[in-house]
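Subject: Handover of a structure and the findings from it

Dear colleague,

Please find the structure below, handed over for your own work.

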Amino acid sequence: MEFKLYFQIEDKLVLPISYHHILQGFIYKRLSEYPEFSDFLHNKGFQTEGQSFKLFVFSLLKGHFQVSGSKIIFDNVIEWEVRSPVPFFCEVFVQALENEEVFELAGQRIFLIRYEVTNTKILDEELEIRMLSPVCVDIAYREGEKTKTNYLEPTDPYFNYYLTKNFQRKFKAVVGKKNSTGIFLLPHKDFNVARNKYVTKFGGEIFITAWKGSFTLKSDIESLQFLYDTGLGSRNSQGFGMFEQI
């Protein structure tokens, strides 16, 4: 299920350029009406093969903005999208939207104009897509006593291998069964690695590298529907991997 939210800004909305954690916090605050579920999602999540998945994804903010130093400043109306395949998540989230009209982001008031709830159906095994939040594929590895992370480019020959592995683990965590289907995310011929590279901090602590742009996405319909609802790649609940059809 997907939610499209439209907010009116009181004057201007000033956020750090790295604002993913603020949007994630907005979601968890809405879920906090049900502390057990919120705590489960935040601290445990849906687990399989030693990995935990929160099973929601969100877009970057859309709207008119300007960048000033380390800040991004929005004005007028902003649009934002949230998705999840978890029915209870969707029930709680929509209930929170019904109960509130005035919200806060980074201590600043925003007013909910309207929201739309839809269930987009995927009908083809090959999609042309645009990332609404950048796609991230990462590999954790040990170097001595430290755990480090390697972020793969979409042109890397192992990119789709690890993208597929991530999908298969998420699918098993939700559905409870294995899915051996491959996922193929193919950059368009004019894809420019440098121009579409997206580097940000999450919560001021870790740097994350991900990728904007347009791609061809191939798999079976069931798998593509799952990815549409949960997001491509890793770190979906941190605001990475949401896409739209073009």
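A residue is called buried when its relative accessible area is under 20%, exposed when it is over 50%, and partly exposed in between, with a 1.4 Å probe and protein chains only. The model is predicted, so local features need pLDDT of at least 70 and side-chain atom pairs count only at pLDDT 80 or more, while totals for chains, interfaces and linings use all residues. Residues are numbered from 1 along each chain as its sequence is written, and side-chain values use heavy atoms, with hydrogens and water left out.

**Backbone**

Most residues other than glycine have a negative phi. L55, although not a glycine, has a positive phi of about 65°. L55 sits in the loop between β3 and β4 (57-58); helices (H or I, at least four residues) and strands (E, at least two) are DSSP runs, numbered from the N terminus. L55 counts as buried because its relative accessibility is 5%. R235 is also not a glycine and has a positive phi, of about 60°. The loop that holds R235 runs between α6 (221-230) and β16 (243-245). With a relative accessible area of 22%, R235 is partly exposed.

**Nonpolar cores**

A nonpolar core is a set of buried Ala, Val, Leu, Ile, Met, Phe, Trp, Tyr and Cys residues joined through side-chain atoms within 4.5 Å. The largest such core has 44 residues, and those with the most contacts inside it are F7, Y19, I27, F74, W80 and F89. Another core, of 24 residues, lies apart from it and includes I139, L152, F191 and L227.

Contact means heavy atoms within 4.5 Å. Not counting residues up to four places away in sequence, F74 touches I9, K12, L13, L15, Y19, L61, G63, H64 and F65.

**Pockets and cavity**

The search used a 1 Å grid over the protein atoms alone: a cavity is a set of points where a 1.4 Å probe fits but cannot get out, a pocket is an open set with protein on both sides within 12 Å along at least five of seven lines, and lining residues have an atom within 4 Å of a point. Grid points are joined across faces, edges and corners, and a volume is the space filled by probe spheres set on the points. For the linings, Ala, Val, Leu, Ile, Met, Phe, Trp, Tyr, Cys and Pro count as nonpolar, Asp, Glu, Lys and Arg as charged, and the others, Gly among them, as polar.

The largest pocket holds about 750 Å³ of space. It is lined by 28 residues, of which Q51, D138, N166, S234 and R235 are the closest to its centre. Two or more lining residues come from each of β3 (51-53), β10 (138-143) and α4 (159-175), and α4 gives the largest share, six residues. By class, this lining has ten nonpolar, twelve polar and six charged residues.

The second largest pocket holds about 380 Å³. Among its 18 lining residues, Y19, L60, L61, Y198 and K212 are the closest to the centre. The largest share of this lining, three residues, comes from β13. The lining divides into 13 nonpolar, three polar and two charged residues.

One cavity of 30 Å³ or more was counted. Its lining consists of S59, K62, E79, W80 and E81, which divide into one nonpolar, one polar and three charged.

T216 is in strand β15 (residues 214-218) and is buried, at a relative accessible area of 10%. Its side chain makes a polar contact (a pair of N or O atoms within 3.5 Å; within protein, one must be able to donate a hydrogen and the other to accept it, and residues adjacent in sequence count only if both atoms are side-chain atoms) with the side chain of E128, at 3.0 Å.

M131 belongs to strand β9 (residues 126-131) and is buried, with a relative accessible area of 8%. Leaving aside neighbours within four places in sequence, M131 is in contact with W211, K212, G213, F215, L232, G241, M242 and F243.

Y6 is found in strand β1 (residues 2-16) and is buried at 13% relative accessibility. Y6 and Y115 are 109 residues apart in sequence, yet 6.1 Å apart C-alpha to C-alpha.

With kind regards
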